[in-house]
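Work through the exercises below with the sequence and the model in view. Each task is followed by a solution in steps.

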Amino acid sequence: MSASLTLVIVMAVLYAAGVYVMLERSLTRVLIGFLLVGNATNLLIFIMSGRPGNAPIFTGTAADAAMVDPVPQVLMLTAIVINFGITALILALIYRSWWLARLGDEGDTVTDEHAAETMASTEKSFRSVTEDEAASQEDLDASERESEFGAPANAPGKGMKL
């Protein structure tokens with residue numbers, strides 16, 4: 001396949017515009033420039049992929065000679081996924097910088113949501129967790145005794161129907 005002059009010109013314009021826009025300081029312009037460069041890269045891979053042919057699914061037939069190379073297709077899919085990931089990252093950076101700019105002098109300090117909690121309520125929470133662990137361990141010990149010596153008459157769960 002001979003490369004179409006129109007596609008080559010469009011690719012060159014996309015690269016030039018993308019690099020020019022990426023040189024600005026604004027993150028939004030960097031994002032737009034990156035998207036333009038990513039699309040230009042996809043066009044470059046498409047132009048360089050070679051002649052069109054049959055799908056690369058057929059094997060062992062006479063049509064193998066007219067089969068297209070699947071590697072450029074895989075490279076284009078990979079470039080699209082990478083472009084999407086970087087776009088998501090840059091969008092997150094843009095949102096974070098916008099959010100920090102709105103805070104002003106306050107900066108990145110966030111109020112403590114748990115400042116009103118006292119040490120007593122914290123100790124009470126830890127105490128209830130410790131009691132739960134002790135009860136669980138007691139049940140485990142009882143089940144081990146039951147399996148070793150037979151079940152005692154007053155064992156928890158004895159006589160329950162399942």
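Buried means under 20% relative accessible area, exposed over 50%, and partly exposed in between, with a 1.4 Å probe and protein chains only. This is a predicted model, in which local features need pLDDT of at least 70 and side-chain atom pairs count only at pLDDT 80 or more, while totals for chains, interfaces and linings use all residues. Residues are numbered from 1 along each chain as its sequence is written, and side-chain values use heavy atoms, with hydrogens and water left out.

**Exercise 1.** Classify N83 as buried or exposed, and list its contacts outside its sequence neighbourhood.

Step 1. N83 lies in helix α3, which spans residues 71-103; helices are DSSP runs of H or I with at least four residues, strands are runs of E with at least two, and both are numbered from the N terminus.
Step 2. Because its relative accessible area is 9%, N83 is buried.
Step 3. Contact means heavy atoms within 4.5 Å. With neighbours within four places in sequence set aside, N83 contacts F34, L35, G38 and N39.

**Exercise 2.** Describe the protein as a whole.

Step 1. The protein has four helices and zero strands, in the order α-α-α-α along the sequence.
Step 2. Of the 162 residues, 13% are buried.
Step 3. Among contacts between residues at least 6 apart in sequence, 53% join residues at least 24 apart.
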